[in-house]
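Here is my note on the model. Please read the points with the structure open.

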Amino acid sequence: MNNNSTEIDFRLRDWQAWAPGMSSHKDWLAWIERGGPPAGEERADVSFLPAMQRRRLGPMARMVFRVMEDTLHDADDHAPMVFASRHGELARSYSLLQSLAEGEPLSPRDFSLSVHNAILGLHSIARKNREPATAVAAGLDTLPAGLLETAVQAAVSQRDCLMVWAEQSIPAFYRHYLPEDAPVACLALRVAPKEDTQAGPLFRLAWRAVPPGDPAGETAVLQSMLTGLVRPQGRGDWRSERRAWQLEPVHVAA
């Protein structure tokens, strides 16, 4: 990045990700090499939850609960959370709009779970977590914006903060308006302040304004971000409609 860029440093204590057919770090490292949009009908395993809680979760919420369970180490491991999703549970919202158009009564459950922060609310209730929760939607900048928000919260609070990003395939009705379908995937990053030298490797997220141009799709952004975070000597570079982003490890001289 040049001198016009803005940047923030943070540490990565842990990361977990889930997509149909991919759950281990080995799976994701292989995906970084081959690319392609994660997709499929498989649902994330949330058998650790009571049946009554499982029934309230849609496919996206199941992914979020799965990666959060793998990232938070025990029942008392609570941290501020940031949920980032460009579309959220759009299928649920579309179903409500269809009901309105057809003069049908709205489902109270779908209505209450259609708001953007509903998944974080369900997770906070399930884990009795009273820490702050933030929901982010920023178009094609959603994934880096979620990481930026999390890194800022970690820097200000000087403690771990957890980001979870999730997308799912969008309803066919909306695909005419978008160049590509959303990847079916979920990523959790446990971010620590840069001053916590025991927390893990140090990274730098940088960005700058650029003239309008062709943006990278969400799958490419996910691939670039993971390249910068988990590949040895990796660096992620991508652009959205008006910003160029860069994510890379910071090597501090001993």
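1. Basis. This is a predicted model, in which local features need pLDDT of at least 70 and side-chain atom pairs count only at pLDDT 80 or more, while totals for chains, interfaces and linings use all residues. Residues are numbered from 1 along each chain as its sequence is written, and side-chain values use heavy atoms, without hydrogens or water.

2. Annotation. An unreviewed UniProt entry places "domain: Beta-ketoacyl synthase-like N-terminal" on residues 28-198. UniProt positions follow the numbering used here, feature names are shortened, and annotations may be inferred rather than shown by experiment. Residues 28-198 are 40% helix and 13% strand, with the end C-alpha atoms 25 Å apart. Helices (H or I, at least four residues) and strands (E, at least two) are DSSP runs, numbered from the N terminus.

3. Cores. A nonpolar core is a set of buried Ala, Val, Leu, Ile, Met, Phe, Trp, Tyr and Cys residues joined through side-chain atoms within 4.5 Å. Buried means under 20% relative accessible area, exposed over 50%, and partly exposed in between (1.4 Å probe, protein chains only). The largest core has 39 residues, and Trp28 and Leu187 touch the most other members. Apart from this core lies another, of 26 residues, including Val64, Leu113, Leu120 and Val164. Beyond four places in sequence, Leu187 contacts (heavy atoms within 4.5 Å) residues that include Trp15, Leu143, Met163, Val164, Trp165 and Leu222.

4. Arg127. This residue lies in helix α6 (residues 118-127). Arg127 counts as buried because its relative accessibility is 13%. Leaving out residues up to four places away, Arg127 touches Glu69, Leu72, Asp74, Ala75, Asp77 and His78.

5. Glu218. Helix α8 (residues 218-230) holds this residue. Its relative accessibility is 9%, so Glu218 is buried.

6. Ring pairs. Rings of Phe, Tyr and Trp (its six-membered ring) pair if their centres lie within 6.5 Å; planes under 30 degrees apart count as stacked, over 60 as edge-to-face and the rest as tilted. The count is seven aromatic pairs. Phe10 and Phe203 are stacked because their centres are 5.9 Å apart and their planes at 25 degrees. This pair joins distant parts of the chain: Phe10 is in strand β1 (residues 6-18) and Phe203 in strand β6 (residues 202-209), 193 residues apart. Both Phe10 and Phe203 are buried. Phe173 and Tyr174 pair edge-to-face, at 5.2 Å between centres and 90 degrees between planes. Ring pairs link Tyr94, Phe173 and Tyr174 into a cluster. Phe173 is partly exposed, at 47% relative accessible area.

7. Cavity. On a 1 Å grid over the protein atoms alone, a cavity is a set of points where a 1.4 Å probe fits but cannot get out; lining residues have an atom within 4 Å of a point. There is one cavity of 30 Å³ or more. The largest cavity has a volume of about 60 Å³. Its lining includes Arg86, Leu143, Trp165, Glu167 and Glu218.

8. Pocket. A pocket is an open set with protein on both sides within 12 Å along at least five of seven lines. The largest pocket has a volume of about 440 Å³. Of its 23 lining residues, Gly40, Pro59, Gln168, Ser169 and Val184 lie nearest its centre. Helices α3 (59-71) and α4 (90-101) each give two or more residues to this lining.

Note on methods. Grid points are joined across faces, edges and corners, and a volume is the space filled by probe spheres set on the points.
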